[in-house]
Amino acid sequence: DGSKVLFRLGAADPKRVCVTEAAIDATSLAAIEGLRHGSLYVSTGGGWSPTTEAAIRALAARPGVLLVAATDSNLQGDVFGDRIRAIAAEAGCGYERLRPAREDWNEDLEVAIRGCP
């Protein structure tokens, strides 16, 4: 039906779920962190459908999960971060906000690769 779910990269049984807005940002964050053990990197595909929210809620409901809002450093990223925080609160799981130094994780990775500030 064309609804978005989640792009996923990483642990099949995660203790930490990093939610980004774009698949390129999920892969970039995973590269920056060295595909951190126990972490699942997911992307909403830039949108927020009921199917996307249900998938995030299902991940948040897993015992001992830390839900990380790793969304962009802009207003839209903050809106998504607030939604993720609310899901974590409702699920009773841990929550953390992780922001890229630049607009998004792909820009941070590009700078890291080039060695520029």
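What follows is a short chat about the predicted model shown above.

Reader: Hi! Before we start, what kind of model is this?

Author: It is a predicted model, where local features need pLDDT of at least 70 and side-chain atom pairs count only at pLDDT 80 or more, while totals for chains, interfaces and linings use all residues. Residues are numbered from 1 along each chain as its sequence is written, and side-chain values use heavy atoms, with hydrogens and water left out.

Reader: Thanks! How many helices and strands does the chain have?

Author: There are 4 helices and 5 strands, taken as DSSP runs numbered from the N terminus (helices are H or I, at least four residues; strands are E, at least two). From the N terminus on, the order is β-β-α-β-α-β-α-β-α.

Reader: And what is the radius of gyration?

Author: The chain has 13 Å, which agrees with the value near 13 Å for a compact globule of 117 residues. That radius is taken over C-alpha atoms, and the globule rule is 2.2 Å times the number of residues to the power 0.38. The C-alpha atoms fill a box of roughly 40 × 30 × 25 Å along the principal axes.

Reader: Let's look at β3. Which strands pair with β3?

Author: Strand β1 (residues 7–10) pairs with β3 in the antiparallel sense over 4 bridges, and β2 pairs with β3 in the parallel sense over 5 bridges. Pairing here requires that DSSP finds at least two bridges between the strands. Leu9 has Tyr41 of β3 as its bridge partner, and Val17 stands opposite Leu40.

Reader: Is β3 buried or exposed?

Author: Buried: 5 of the 5 residues in β3 (residues 39–43) count that way, meaning under 20% relative accessible area with a 1.4 Å probe, protein chains only (exposed is over 50%, partly exposed in between). Ser39, Tyr41 and Ser43 point one way, and Leu40 and Val42 point the other way.

Reader: Nice. Switching topic, where is Glu21?

Author: Glu21 sits in the loop between β2 (16–20) and α1 (23–33).
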